[in-house]
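Welcome! Here is a short tour of some aromatic rings and a nonpolar core.

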Amino acid sequence: MKRILSLLLALALAFCCGCCAPSQEKVTNENESDPSISPDQTAGQPAEEPGTLPEEGQEEAGEDSPLTEENAPSDEQLPSDLEPLPPQAPEEDPPLICIDAGHQIRGNSDKEPNGPGSSKMKAKVTGGTRGTTTGLYEYELVLEVALLLQAELEARGYEVVMVRTEHEVDISNVQRSQVANEAGADAFIRIHANGSESASAHGAMTICMTPDNPYNAHLYDQSRLLSDCVIDALCQETGAQNDGVWETDTMTGINWCQTPVTIVEMGYMTNPEEDRLMATADYQSKLALGMANGIDAFFAAGEQPFELPDEAPALEGE
């Protein structure tokens with residue numbers, strides 16, 4: 001009887017121990033195939049069901065993750081060699097050029113002061129000269145070139161104000177300067193053609209005030225620079241003889257200026273060769289291109305001293 005009781009007790013103990021022992025079945029996971037990952041490295045990580053994707057709007061953090069307030073690096077985390085970009089300066093407005101095609105279809109012999117407060121009076125605007133070979137009037141020639149210069153400058157990014165774009169106007173030399181002044185022009189280009197009693201006279205020149213001009217001597221340096229740049233570039237482009245810069249205080253349209261100014265005498269309409277050249281579309285394009293190149297050079301050069309020019313002959317007038 002004791003033997004039977006001992007056997008039943010042993011069976012009962014064995015049954016209880018089997019219920020409480022942990023399962024020996026092997027648990028598989030993704031790290032099983034990678035021996036470099038230890039059990040400690042996966043402990044505590046939530047398991048994902050195979051084939052499941054992150055919910056919409058949730059991405060793993062990485063190189064392509066968008067920066068948010070939560071994951072953006074703080075100032076302390078940025079590399080020390082990275083400096084904040086300086087604020088960019090606003091783009092400057094392009095230079096404004098005022099172009100005056102000299103003269104008009106009819107002159108105006110009424111008088112106006114040669115300069116502000118001057119007692120010397122001059123005709124408001126003369127009729128200009130005329131081609132002795134072609135018969136082309138100066139007011140016609142200069143407007144053709146002025147319009148070409150306008151188109152060339154605008155193509156280069158300049159802003160342009162035209163004193164006139166037609167022949168039927170009545171604009172005095174004082175008023176022409178006031179157009180440039182009121183527009184706040186950075187340069188004033190006055191286009192003319194020359195004339196002489198001598199048919200052999202030829203060449204191109206520019207004109208500005210003297211350093212002792214009683215009205216606007218403060219503009220001398222810039223006006224002289226503009227005049228030099230324009231005549232040099234014009235003669236280089238056209239092959240015309242360079243007669244340099246004539247400084248004079250007799251020009252009403254210069255004396256009333258409050259902006260750098262030059263008068264461009266493109267050539268002599270009393271010279272048969274220059275008269276014929278200036279009447280051609282090809283040469284007019286070269287004249288406009290040369291002036292535009294000179295204006296480019298003016299804005300690129302800055303102020304610099306110049307030697308005073310030799311005495312120049314009197315011209316036909318404004």
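## A buried tyrosine

Tyr-158 has a relative accessibility of 10%, so Tyr-158 counts as buried (buried is under 20% relative accessible area, exposed over 50%, partly exposed in between, with a 1.4 Å probe and protein chains only). Before going on, please note that this is a predicted model, where local features need pLDDT of at least 70, side-chain atom pairs count only at pLDDT 80 or more, and totals for chains, interfaces and linings use all residues. Residues are numbered from 1 along each chain as its sequence is written, and side-chain values use heavy atoms, leaving out hydrogens and water.

## Rings that meet

There are 3 aromatic pairs in the structure (ring centres of Phe, Tyr or Trp, the last by its six-membered ring, within 6.5 Å; planes under 30 degrees apart are stacked, over 60 edge-to-face, the rest tilted). In one of them, Tyr-158 and Phe-299 are tilted, at 5.9 Å centre to centre and 45 degrees between the planes. This pair links distant parts of the chain, 141 residues apart.

Phe-299 is partly exposed at 33%. With centres 4.9 Å apart and planes at 65 degrees, Phe-298 and Phe-299 make an edge-to-face pair. Phe-298 is buried, at 4%. Ring pairs join Tyr-158, Phe-298 and Phe-299 into a cluster.

## The nonpolar core

How many residues does the largest nonpolar core have? The answer is 59 (such a core is a set of buried Ala, Val, Leu, Ile, Met, Phe, Trp, Tyr and Cys residues joined through side-chain atoms within 4.5 Å). Ile-189 is among those with the most contacts inside this core.

Terms used
Helix = DSSP H or I, 4+ residues; strand = E, 2+ residues; numbered from the N terminus.
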